[in-house]
Amino acid sequence: MKALKTWALTDQTPTGVVLLVDDKHKLVIRVLEDALVRVSLLKDGAHRLDRTWAVAPDGDAPWEGRSRGDLSGFSCPEFSLDQQENRLQLWTDTLRLTVETPLALVWECREAPDAAWQEIARDRPQDAYMLGRRDHRKSHFMRRFDGERYFGLGEKSGSLERSGRRYEMRNLDAMGYDARTTDPLYKHVPFTITDRGALGAYGLYYDTLAHCWFDLGNEKDNYHPAFRSFRASDGELDYYFFWAPSVLDVVKRHHSLTGGTAFMPRWGFGYSGSTMAYTDSENAQERLEEFLQKLSDEDMPCDSFQMSSGYTAIKGKRYVFHWNTDRFPNIPAFTKAYQDADIHLIANIKPVLLDDHPLYQDAETSGLFIKDSETGAPEQSPFWDGSGSHLDFTNPATVSWWKANLKEKLFDKGIANTWNDNNEYEVWDDEAVCAGFGKEIPVGLIRPLHSQLMTRASYDAQVQDQPDKRPYLISRCAAPGTQRYAQTWTGDNYTSWETLRWNIPMGLGLSLSGFYNIGHDVGGFAGPRPEPELFLRWVQNGIFHPRFTIHSWNDDGTANEAWMYPEITPLIRQALKFRAQLIPYLYTLLYQAVTDGEPMLRPLWLDFPEDPLAQTSEFEFLLGKDLLIASVIEKGATTRTVPLPACPEGWWDFDGKSWYPGGQEIEVPVTQESIPLFVRGATVLPMAAPNARSSASSDTYRCWRIYPQAAGTASRERLAYDDDGASSSALDIDHCLTRMTLSHSGDSVMLDWKKAGSYRPAFDQIDLWLAGSDQLIVNGSPAETETPLSFV
């Protein structure tokens, strides 16, 4: 590695400048928006990988990747430029960048054109950029300052605030991980947020798929002031720097930069059953059909079941696209039973063919595998009690083969949804050859891309099979952009109270990194069977995450089931039914995520950045802007301390019995049935009946739970979104959007509402429920909570 020192301006372009660095490399600076600048360091003047699959500001990236020179989707505003000896400045109304000598960048921001510039970030003054002389290693070093707080990096263990730790991006199948300490994990998200308090915040997204590291204060060097670093073993040093007044705005910008969130069907918010134990049983079909009967017997709502890979297995080995017909002797009868029950099946699929797979030879002959760097034969990697080869999704022939098998082996058999699993691509021949859509790429540059393209191939196949419906997919491994296609989760967690606790900040880290539609394996996946209290508390926490799945591969062969412990089954049923009632709220949050980039899961400080209680909160969170979740996460707890952030509207307990001013901690007594849940004042919460299914046609009841703000405080608008739950065109032409504004004056609570859109929901009346005892006035007329409101 060698540090870069000198630079000279060689070109001014319509979007920025090009600098010649150390007489041989290029530093390209592009002004993409007023507060968004891209910096690209090109060794020897050329990209190591000239394409990106993550950046998609105006729609999806092409299958073969988006050219790094493509600036479509950005406004590329005018900028000013000034050059003096050993220094260059360019600026917009919002952001000013100074290039210093030796090579280092300084960033300043301002909220208005007439405001003073304030420094927000700067590179390390010496050795800020380093390149490998004989390889493609790259490093970037920045200053660290007292009071900075770091967030992002996606799915990471431990504290949500990342200071003082070193993190690695090298996606692994980390089954049974420690949610407090294990690193790396499944996902590759090279994105950080730096919170500078009153100065605002900035995002730094390194657009690379190569193995890389982030050091956020773990490393010290006597010859440099406090610094942070990004290091990559290969690939690009191509980063996006964007500033905003708040962390929330930075999160939304990154979410938009990488293409937003998939608009999944409504039923994806229902409880989803799953366990390895069922499909690994020799009577798997019988056990899965018994699950349907148990749902009915136990009166449990459910919308889907995730079929683990045992349906493909023979003697413990998993063969994707193969059915074990001993375990499933009558596949049509099995899938029909689930269709008749209106429960959606989601099939586990894997991107590796074991070397004795029935389709292996045909796939090898067709050139569908990643190739060994030395022999040119299919690469060989350990996988599920054997050895196999990874499919190459940068080969269009592989994509076509994958889609054809999905159609024949799953869709035509009545299973329309895919669970894209074990797709971390642990190929440890870095130079193994990928087709690269006609331009070969070593796998070390794009390992996590294959998981994304695998998921995209499944997505496209599902759309082709059912073009009028929104597809539902899950993917375990992910990189920025995967959220455009699929829901995800935090992988194969370990069953313990520690995991329940530390999965909360892990999920919030994903949400701050642009992955909004996420969850955890409820009950724990690997390890011992959860004890009754732990299982109950995990369910009571899991119902407030977008993905709510009870899943397991317990050491003793048992399955985590809603009814596994009769002594707590009534409380599990109560929690599942409450989840079913929340579907209208969750679905509205998805609408806001898709259309406005609003995170669904939010740390308290995201909406209350100046509140000290919110700043120190790690194990409480907001669902949307209005529900504060303080799940019980300690064994034997009899109380729960709940921070209520300072806000003029105040906070209600969910039952509406008590209102609390914000800016205080309260101690709440808890029993087994307790789920500490608080609602922000000025909220109208749309809720359904505890329906067995979340389909729009069964959603015949609606209640608006009205939680007034403190009298005299400002009114706030809230939304409720409805459509048929499945149509691909719903956002464009056939939906119902209700806008509700709540205000409070004296002893009167005023609700003003109006709806728009052509969709007519299955309910035609609204029950009104009001916290407190004041008079309710709806659209100017006194209203009684005992009298339903017409919604026709």
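These legends describe close-up views of a predicted model.

Residues are numbered from 1 along each chain as its sequence is written. In this predicted model, local features need pLDDT of at least 70, side-chain atom pairs count only at pLDDT 80 or more, and totals for chains, interfaces and linings use all residues, while side-chain values use heavy atoms, with hydrogens and water left out.

**View 1. Asp60 and Arg484 form a salt bridge.** A salt bridge is a side-chain nitrogen of Lys or Arg within 4 Å of a carboxyl oxygen of Asp or Glu. Here the closest N and O atoms are 2.9 Å apart. Asp60 sits in the loop between β6 (51–52) and β7 (66–67), and Arg484 in the loop between β33 (473–475) and β34 (487–489), so the pair ties together parts that are 424 residues apart in sequence. Helices (H or I, at least four residues) and strands (E, at least two) are DSSP runs, numbered from the N terminus. Asp60 is partly exposed, at 41% relative accessibility. Arg484 is buried, at 9%. Buried means under 20% relative accessible area, exposed over 50%, and partly exposed in between (1.4 Å probe, protein chains only).

**View 2. Asp58 and Arg66 form a salt bridge.** Their closest N and O atoms are 3.7 Å apart. Asp58 is partly exposed, with a relative accessible area of 47%. Arg66 is buried, at 4% relative accessibility.

**View 3. Arg702 and Asp699 form a salt bridge.** The closest N and O atoms lie 2.7 Å apart. Arg702 is buried, with a relative accessible area of 2%. Asp699 is buried too, at 3% relative accessibility.

**View 4. Six residues are linked in a network of salt bridges: Asp173, Lys350, Asp421, Glu424, Arg476 and Asp492.** The whole structure has 57 salt bridges.

**View 5. The largest cavity holds about 100 Å³ of space.** Of the 17 residues that line this cavity, the closest to its centre are Asp303, Ala580, Ile583, Asn691 and Ser694. The largest share, three residues, comes from α10. By class, the lining has nine nonpolar, three polar and five charged residues. Ala, Val, Leu, Ile, Met, Phe, Trp, Tyr, Cys and Pro count as nonpolar, Asp, Glu, Lys and Arg as charged, and the others, Gly among them, as polar. The structure holds 13 cavities of 30 Å³ or more. On a 1 Å grid over the protein atoms alone, a cavity is a set of points where a 1.4 Å probe fits but cannot get out; lining residues have an atom within 4 Å of a point. Grid points are joined across faces, edges and corners, and a volume is the space filled by probe spheres set on the points.

**View 6. Helix α11 is mostly covered.** Of its 14 residues, 11 are buried. Among them are Ile583, Pro584, Tyr585 and Leu586. At 1.5 Å a residue, α11 should span 20 Å, and its end C-alpha atoms are 19 Å apart, which agrees. The expected span is 1.5 Å times one less than the number of residues. Gly597 follows α11, with a positive phi near 70°.

**View 7. Six strands form an open antiparallel sheet.** Their order is β39-β40-β41-β46-β43-β44. β39 (601–602) and β44 (659–660) stand at the edges with a single partner strand each, so one side of each has no neighbour in the sheet. β43 (residues 651–653) pairs with β44 over two bridges. Two strands pair if DSSP finds at least two bridges between them. Trp651 stands opposite Tyr660 in β44.

Note on methods:
1 Å grid on protein atoms, 1.4 Å probe; cavity = no way out; pocket = protein on both sides within 12 Å on 5 of 7 lines; lining within 4 Å.
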